[in-house]
Amino acid sequence: TRETLRMADHVRLMLENFWSAFSRGDAELARRVQKEDDAVDRMNIEIKNYLSRVGENRNAGDTAWQFTRLAFSAELEAVGDLVDKHLCDALIKQRREHMGMVDPDRRAIEEAYRRVLRSLDVAIGLLTTRDIDEARELVREKHELNEWAREQQRRHYERLASGSAEQLASSSDFVDAFNALRRINSHLSTIGYAFLPPGEPTRRR
């Protein structure tokens, strides 16, 4: 559990450093963030290898907790990949092509980042508290963010209809980054499902 928490802290730092790079338009920092994903991959492998060898004297609760931690580390590894290959890649491409985002798009990215960071903190807390209400909050945030994200993308495409050439050119960078944050939140909500009681109805999307 401590090692999984260490991995979670590493992923959180990747996300925070990506945001610093995005806020400053710092492609070099984004490249350094990408290199940190190798450490996340190694931690995931080490956790998986260790937990897969633990098999003796386990009751049903131990087994369930073992699989919860395996799923937790796998979702964290997926989040790290998205930060590396989608968020940082989009920023590096944006800086290489000297493109920016219009203010409404930047505000949407900022709000999505804020909500994802909150979800990550809730997910990290579940490792120590196993609080069912917090797990439900994490799942609920997935549906709320999805609805909010659809509205933001609708507004984005409406702006493109009468937008400038620069807006059209930067649209793919916005969509890539925005959808990556949405997918990160989806991976985090999967962690929430793992902490809910068996058979509890959930509204998956």
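A residue is called buried under 20% relative accessible area, exposed over 50%, and partly exposed in between (1.4 Å probe, protein chains only). The model on screen is predicted, so local features need pLDDT of at least 70 and side-chain atom pairs count only at pLDDT 80 or more, while totals for chains, interfaces and linings use all residues. Residues are numbered from 1 along each chain as its sequence is written, and side-chain values use heavy atoms, with hydrogens and water left out.

**Stop 1**

Select Glu 97, which is partly exposed at a relative accessible area of 38%. The term salt bridge stands for a side-chain nitrogen of Lys or Arg within 4 Å of a carboxyl oxygen of Asp or Glu. Side chains of opposite charge can pair when their charged atoms come close.

Next, select Glu 151, Arg 154, Arg 155 and Glu 158: salt bridges with shared partners join these residues into one network.

**Stop 2: Glu 28 and Arg 31**

Move to helix α2 (residues 27-53), where Glu 28 and Arg 31 lie three residues apart and are therefore separated by about one helical turn. Helices here are DSSP runs (H or I, at least four residues), numbered from the N terminus. A salt bridge connects Glu 28 with Arg 31, the closest N and O atoms being 3.7 Å apart. Glu 28 is partly exposed at 43% relative accessibility, and Arg 31 is partly exposed at 37%.

**Stop 3: Arg 12 and Asp 121**

The salt bridge count is 17. For one of them, select Arg 12 and Asp 121, whose side chains meet at 2.6 Å, N to O. This pair links distant parts of the chain: Arg 12 belongs to helix α1 (residues 2-24) and Asp 121 to helix α4 (residues 103-129), 109 residues apart. Asp 121 is partly exposed, with 30% relative accessibility.

**Stop 4: the nonpolar core**

A nonpolar core is a set of buried Ala, Val, Leu, Ile, Met, Phe, Trp, Tyr and Cys residues joined through side-chain atoms within 4.5 Å. In the largest one, of 61 residues, select Leu 15, Val 83, Leu 87, Ile 109 and Ile 184, which touch the most other members. Elements giving two or more residues to this core are α1, α2, α3 (60-96), α4, α5 (132-161) and α6 (165-194). Helix α4 supplies the largest share, 12 residues.

Finish on Val 83. Leaving aside residues up to four places away in sequence, Val 83 touches Met 14, Leu 15, Phe 18, Val 33, Cys 88 and Ile 184, where contact means heavy atoms within 4.5 Å.
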